[in-house]
Amino acid sequence: SRWYTFASDDVRYDAIKGISLQAQGAGGLGYYLFRGERFKLDLRAGPGVTFIHTFDDDHNLSPALESGIRMSYAINSHLSATQETTYNTSVTDFNQWRIHSETALNYKLDFQRGLGLKLGFDDDYENQPSHGRRNNDTRASLALTLDF
């Protein structure tokens, strides 16, 4: 069985880009191009919704389309490398689109099942950024994760 369903969300506040609230949600179908013991690669796509409210008091709520590609490689039983790229576009204005990419190392913690650490590098590209802001934003992150 290579097909699966997915639901995703991305909600953020980003003062650097002048965004007081950006929320995206989508659901749809995914397909594993390859699913081995250590390496997995899949594609997914589906309809969604996007909402953005900027510090300029501009806001937009729109139906959207989302597509993405994900890769994971299990280095050992505790450590894995992941890469995910997601494209999201407004259906009402195809010039309003965003690409988000995250490359990360994930480490499963031994002392509590489901907990882990993620060291990541994120790259966000907004085709129509807030007034006076740049299109591209990058950041490094360290996060506590919960896997279920």
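Predicted model: local features only at pLDDT ≥ 70, side-chain atom pairs only at ≥ 80, totals over all residues.
Residues are numbered from 1 along each chain as its sequence is written, and side-chain values use heavy atoms, with hydrogens and water left out.

Let's start with the overall picture. The chain has eight strands and zero helices; here helices are DSSP runs of H or I with at least four residues, strands are runs of E with at least two, and both are numbered from the N terminus. Read from the N terminus, the order is simply β-β-β-β-β-β-β-β. The C-alpha trace spans about 45 × 30 × 20 Å along its principal axes.

How much of the chain is buried? Of its 148 residues, 30% count as buried, meaning under 20% relative accessible area, with exposed being over 50% and partly exposed in between, using a 1.4 Å probe and protein chains only. The chain exposes about 9300 Å², and carbon and sulfur atoms supply 59% of that; the areas come from the Shrake-Rupley method with a 1.4 Å probe.

Next, contacts, which are heavy atoms within 4.5 Å. Among contacts between residues at least 6 apart in sequence, 48% join residues at least 24 apart.

Now for the charges. There are 15 positive and 19 negative side chains, and the centres of the two sets lie 8 Å apart. Lys and Arg count as positive, Asp and Glu as negative, and His and the chain ends are not counted. Each charge is placed at NZ of Lys, CZ of Arg, CG of Asp or CD of Glu.

Back to our salt bridges. One of them joins D42 and R70, at 3.3 Å from N to O. This pair links distant parts of the chain, with D42 in strand β3 (residues 39–54) and R70 in strand β4 (residues 59–74), 28 residues apart. D42 is buried, at 3% relative accessibility, whereas R70 is partly exposed at 25%.

Another pairs E102 with K118, whose closest N and O atoms are 3.2 Å apart. Here E102 sits in strand β6 (residues 97–108) and K118 in strand β7 (residues 115–126), 16 residues apart. E102 is buried too, at 16% relative accessibility.

Then we have D124 and R139, meeting at 2.9 Å from N to O. D124 belongs to strand β7 and R139 to strand β8 (residues 136–146), 15 residues apart. D124 is buried at 1% relative accessibility, and R139 is partly exposed at 28%. Through shared partners, salt bridges join D10, R12, K17, R98, D124, E126, D137 and R139 into one network.

Let me finish with a histidine. Where does H100 lie? You'll find H100 in strand β6, and it is buried, with a relative accessible area of 15%. Leaving out residues up to four places away in sequence, H100 touches several residues, including R12, D124 and R139. The side chain of H100 also makes a polar contact with the side chain of D122, at 3.3 Å. By polar contact I mean a pair of N or O atoms within 3.5 Å; within protein, one must be able to donate a hydrogen and the other to accept it, and residues adjacent in sequence count only if both atoms are side-chain atoms.

How values were computed. Salt bridge = Lys/Arg side-chain N within 4 Å of Asp/Glu carboxyl O.
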